[in-house]
Amino acid sequence: DYGLISTGAQSLQVTSNRPEDSGVDQVAEVEELHFSNGVFAAGLFTQNAIEDLGDLTFWTRYLDTFDINGQRTGRSMLYDDGQLEDSVYLNGVRTSVVVTDTADIRAWHTQEQTFDANGVRTGQTLNYDDGSILVMQYENGVPTTATRTDDLDANFWVSYTDTFDANGALAARTMLLDDGRMEDTTYVAGIRSTLLITDVEDDFGWTTQFHQYDDAGLRLSQTYTYDDGRLLQTQFTDGVLASADMEDAGDAYFWTDYSDTYDAASQLVGRCMTFDDGQTAQTTFVNGQRTELLRTDVNDVLGWSTVAIEYDVSGARIRQTDTFDDGLIIATDYTAGLRTSATVTDGGNTAFWLRYIDTFDAGGALVLRTMTYDDGRLAVSTFEGGIRSSLVITDVEDDFDFITIEEDFDAAGVIELQTQTYDNGRVLVTEYINGIRSEATVTDVNDLYIWTTYVDTFDAGGAIAQRYFTYDDGTDELIFF
């Protein structure tokens, strides 16, 4: 019976199609008009429901409500993803909105937002599925603070509070972790600039950690302060570890400080350590494996000047050179971590020998020693089970009246036999019992004397008891002492 023409502002002009009405009728005279999508009363909409039957938008339907003045008072909108958004309006301006995740596809189940008289957001509360709650405050629509609390202890933190700059970019965050640590983070243009971690509950071995970052958010430096007073300062280049300096400020260790340097792959390449007694240790690394170590007695408080050690690719020691204050130098070679040889040089000429070289077996036990004396003698000793078994002394420079002295020792290292060959051809063979001379035989090999041999016999104390001569003419002589 009626035709409707919209005049805007939620007003309708009603035209009567009834012949008796002859045209336009007054809306006020219509008690109520019913539509499939809403209700029209006294010439105004009180409700308006719209459905996206063709699935042309991102929402499924919404329902608007209006007051008697035609001002919208509410909107309930269901989105395609299951979100239900309920908004409240005052004087046509939205004052609050509650969003419910009816499909449970988000990490939260409700959001509540409030707005001022101009429709600018003033606050927001998110209730997360894990029980945590986020409360945010706004000024002029820009976030100023946000605090999230883990009420059900579902996260690794207790709470955190964010503050924002005038543009709404994150400027700082303070987070309290479940283990008692406190993290204070600052941001510049939304990028992390600094991080301070404090061990509030004293559950860790350190007191604070301080990290600094560049404009791209890459770490520049970090400083650890430990409970025992140590201070570790680390530097980074393009976010890659470059160097680290540790100081024993609390004097809790036997060293004073050390500095580490790293390559482009953040692998350790060098360490320089200073000890409390003044000595320094410089270590080099290749592919993270130690290759060289040089220790120096800077303050001259130890008996040596330097100790230099070389290592193979597996980190096992292959050579060590000890230089002592008196000039003594010991160069030791290793195989699979065990000594194979050692050369000892009297660089300061403080001993009666020039050098000696030790050779060791597969178990690291001494098997051979070759010693060169200042006077030119050469002494070669063999060992079994670490105990000397033989000794040969050679007069290389011909400064003595003998050519060689050969000695044999028993399993306990006690001399059993000695053979001396003299320049004039004499040969003296001495036998021992329990290290005490028992018999000595001298032979005139080159026939320089009137006797061929003589044999000395010694008593239990090693004193000569008798001598038996055999002369060239075939006679014998026995002498008692």
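The questions and answers below concern strands, hairpins, loops and surface patches in a predicted model.

Residues are numbered from 1 along each chain as its sequence is written. In this predicted model, local features need pLDDT of at least 70, side-chain atom pairs count only at pLDDT 80 or more, and totals for chains, interfaces and linings use all residues, while side-chain values use heavy atoms, with hydrogens and water left out.

Q: In which strand is the place of Y468?
A: Strands (E, at least two residues) are, like helices (H or I, at least four), DSSP runs numbered from the N terminus. Y468 is partly exposed, with a relative accessible area of 33%; buried means under 20%, exposed over 50%, and partly exposed in between, with a 1.4 Å probe and protein chains only. The strand that holds Y468 covers residues 464-471 and is β39.

Q: What accessible area do Y468, L478 and F480 have together?
A: Patches are made of residues with over 30% relative accessible area and no salt bridge, where nonpolar side chains (Val, Leu, Ile, Met, Phe, Trp, Tyr) are joined within 5 Å and like charges within 9 Å. A salt bridge is a side-chain nitrogen of Lys or Arg within 4 Å of a carboxyl oxygen of Asp or Glu. Areas come from the Shrake-Rupley method with a 1.4 Å probe, and for residues only the protein chains shown count as cover. Y468, L478 and F480 form a nonpolar patch on the surface, and their accessible area together is about 310 Å².

Q: Which residue in β39 is the bridge partner of T453?
A: Two strands pair if DSSP finds at least two bridges between them. Strand β38 (residues 451-458) and β39 run antiparallel and are joined by seven bridges. Within β39, T453 has as its bridge partner T470.

Q: How many bridges join β31 to β32?
A: Strand β31 (residues 366-373) is joined to strand β30 (residues 353-360) by seven bridges, and the two run antiparallel. On its other pairing, T372 has the bridge partner L378 in β32, and the hairpin has three residues between the strands, with G376 in the turn at a positive phi of about 95°. β31 and β32 (residues 377-384) run antiparallel, and the number of bridges joining them is five.

Q: Is D447 buried or exposed?
A: D447 lies in the loop between β37 (436-444) and β38. Most residues other than glycine have a negative phi, but D447 has a positive phi of about 55° although it is not a glycine. At 52% relative accessibility, D447 counts as exposed.

Q: What relative accessibility does D104 have?
A: D104 is placed in the loop between β9 (93-101) and β10 (108-115). This residue, not a glycine, has a positive phi of about 55°. D104 counts as exposed, and its relative accessibility is 55%.

Q: How far apart in space are A264 and Q47?
A: A264 lies in the loop between β22 (255-262) and β23 (268-275), where A264 is exposed with a relative accessible area of 76%. A264 and Q47 are 217 residues apart in sequence, and their C-alpha to C-alpha separation in space is 69 Å.
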